[in-house]
Amino acid sequence: MRRYLRIWWLLTSAASQIAFQSRFGAVIFLIGKILRFGLFLVFIFIITGRTKEIAEYSVWQIVFFFATFNLIDALPMFFLREVYRFRIYIVKGTFDYILAMPISPLFRALLGGSDILDLTILLLALFLVGISFFHIGPIPMENVILYIILICNAMVMALSFHIFVLGMGILTTTVDNAIMLYRDLTQMGRVPIDVYREPFRAIFTFVIPIGIMMTFPAKALMGILSLQFIFISLVTGILLFGVSVWFWRFALKRYASASS
Amino acid sequence: MRKYWLVIKDTWDEILTYRLSFIVWRIRTVFQLLTVYFLWLVLIPQGSQLFGYTQSLMLTYILGTAFLSSVILATRSYEMGENINNGDLSIFLIRPINYFYYWFARDIGDKAMNISFAVIELSILVVILKPPLFFQHDMMILFLTAISITFSIIMHFLFGSLLGMIGFWSPDVWAPRFIFFIIINFFAGMLFPIDILPKAVATFFQFTPFPYLLYFPIKIYLGQLNSSHIYVGILTTILWTILLSVFLKMVWLRGLRFYTAQGH
C-alpha cells in the first residue's frame, strides 16, 4: 500500500510539472474551470431569486446538490486523469511497457498522474458543500454519515465507469468518445434528478445511474431518501465495480499489443 | 469557387469516415440540451410566466438555440491553431487557395452535417416531449432572423480564426478556446436568455459581441424585439464583424512575420 502511495505521489508530481510546463495554458484552464463553476452558481441564484425554489427544493438545497455534483465530478477528474491519456498508450504500444512493470497495470492506467488543476475545483466544491450544509438547517449525524457513505459509493461507481472505459480502450483503441460521453452524462447531475420528467428520470436513475451517483447522496443528507433507495445505491455500486473489474480482465486477456 | 465546393464535400466525407466520433458528439449535445430543457420546463409551469417568458416562448428559445448552435457554432476553425503549430500552414501558403476561405468552406461542410443531425434529433425530441412551440409566421421577422444568423455565422468564424491565430505565438491553442466556449455557453444565451440577468449586466453584455451569436437571432424570431431594437442589433453585429475582420487581418499579417514553419 505504501509503495503504491509513493508511486502515485511520484507520478502525480511528474504530471503536475508537465501541466505547469506551459503556465499560460495552465492559468487559462484554471480560470476557465473557476469561471464555469462560478457562472452556474450565479445562474442558480438568479433563478431562485425569482422562483424561490426549483422542483420544490430551496435555494441552498439546490446549491448543495450543485456542490455535491462538483465534488463527485472533481474527485475522479483529479485522481483518474490518466484514463484520458490511455488511448495513446494503446495506440503507441506503451501499454506493453506498463504491463512489464512490477505494479498493477490497472493501478497505473487509472492513477498514473493526477491533475493538479482540478484540485482548485475540488477545494471550491468542498467549500460550497460546507457553506450550503450550514444554510440547509440542522442535519442529524446519521444523515451526514449516510451522505459520506453514498459519496464513497458514487466514487466507486465513477471508478467503475473509468475501468469500463479502459477496457473499451484495449478492445477498440478508442477512449475519448466514451470518456466524453461519461462526462456529459454526469453533467446532467448538476441539477437534482427530480427535475427530469418520466421516463427520463427513471432512465437517468436506474439505466444510466446518474441520479444514484449525483443526487442520492445529497438527498440522503436532507433525509428524503428512503432506506430502499440507499440499499439500491450500494448494491448498484458494488455490482458495477464487480462487472467493471471483470470486464477489465476480459479486455486485458484480449490485448493484442498490435502497435508495438 | 469549385475548389471550395470540393473542400466542403471533403469535410462532409471526412465526418462520415469518422462517423462514430461524430455520432457520439451529437448524442452528447442531446444530453446537454435535455438538462436545460427540463430545468426550464420545471421552472415555468404551463400557464405561468418567468422573466417575461411563457413556457412556450422559453422552450422555443431553448430548442431554437440548440438548432442555431449547429448552424452558427459548428466549426472546424479549431484545427487552425494546430495547423499553424505543426507547420502545415506552409503548404497553404504556396497553394493557390485563400487560407480563410478554405477554413470557411470546412466550416460550411461541418455545419451541413451538424444541421442534418440537429433536424433529426430535434424532430425526435419534439415528437417525444411534445413541447408547446412558438412558430413565427411574419415573413419580415423571418427575413431579419436570417440576416442576423448570417452575420452571426461570419462573426463566429472570425472569433474561431482569431483563436486559431494564437498558434503563431503559443502551442496552447486549446486553453483559450476552452474559455471562449464557457463564455459562449453563458453570455451568448445557450443556457438562458441574456435578459434574465440583472438589467445593468444585460445592458453591458449588449455592447459585447457574444449575445449576437445566439441570443439576438432567436429573440428576433420570437418577435420579442421591436423594429428599432432589431435594426440597432443588426448594425451592432455588422460593426463587430467589421472590427473582428480588421483585427484578424492585422493579427494574421503579424503572425506570418513571426511564423517559422516550425514542425516541418
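**Reading helices and a chain contact**

Modeller: The axes of helix 3 (residues 59-79) and helix 8 (residues 141-172), both of chain A, come within 10 Å and cross at roughly 45°. This is a predicted model: local features need pLDDT of at least 70, side-chain atom pairs count only at pLDDT 80 or more, and totals for chains, interfaces and linings use all residues. Residues are numbered from 1 along each chain as its sequence is written, with chains lettered from A and ligands numbered from 1 in the order written.

Colleague: What are helix 3 and helix 8 of chain A to each other?

Modeller: Under 35 degrees counts as roughly parallel, over 145 as roughly antiparallel, 65 to 115 as roughly perpendicular, the rest as oblique. Helix 3 and helix 8 of chain A are therefore oblique.

Colleague: Why is helix 3 of chain B called largely enclosed?

Modeller: Buried means 20 or more other C-beta atoms within 10 Å of a residue's own; exposed means 12 or fewer, partly exposed in between. In helix 3 of chain B, 15 of the 19 residues are buried, so the rest of the structure largely encloses it.

Colleague: Where does helix 3 of chain B bend?

Modeller: A bend is the angle between axes fitted to the seven residues ending at a residue and the seven starting there. Here it is about 25°, at B:Phe67.

Key: Helix = DSSP H or I, 4+ residues; strand = E, 2+ residues; numbered from the N terminus. Axes fitted to C-alpha atoms, helices over the stretch in contact; angles between N-to-C directions.
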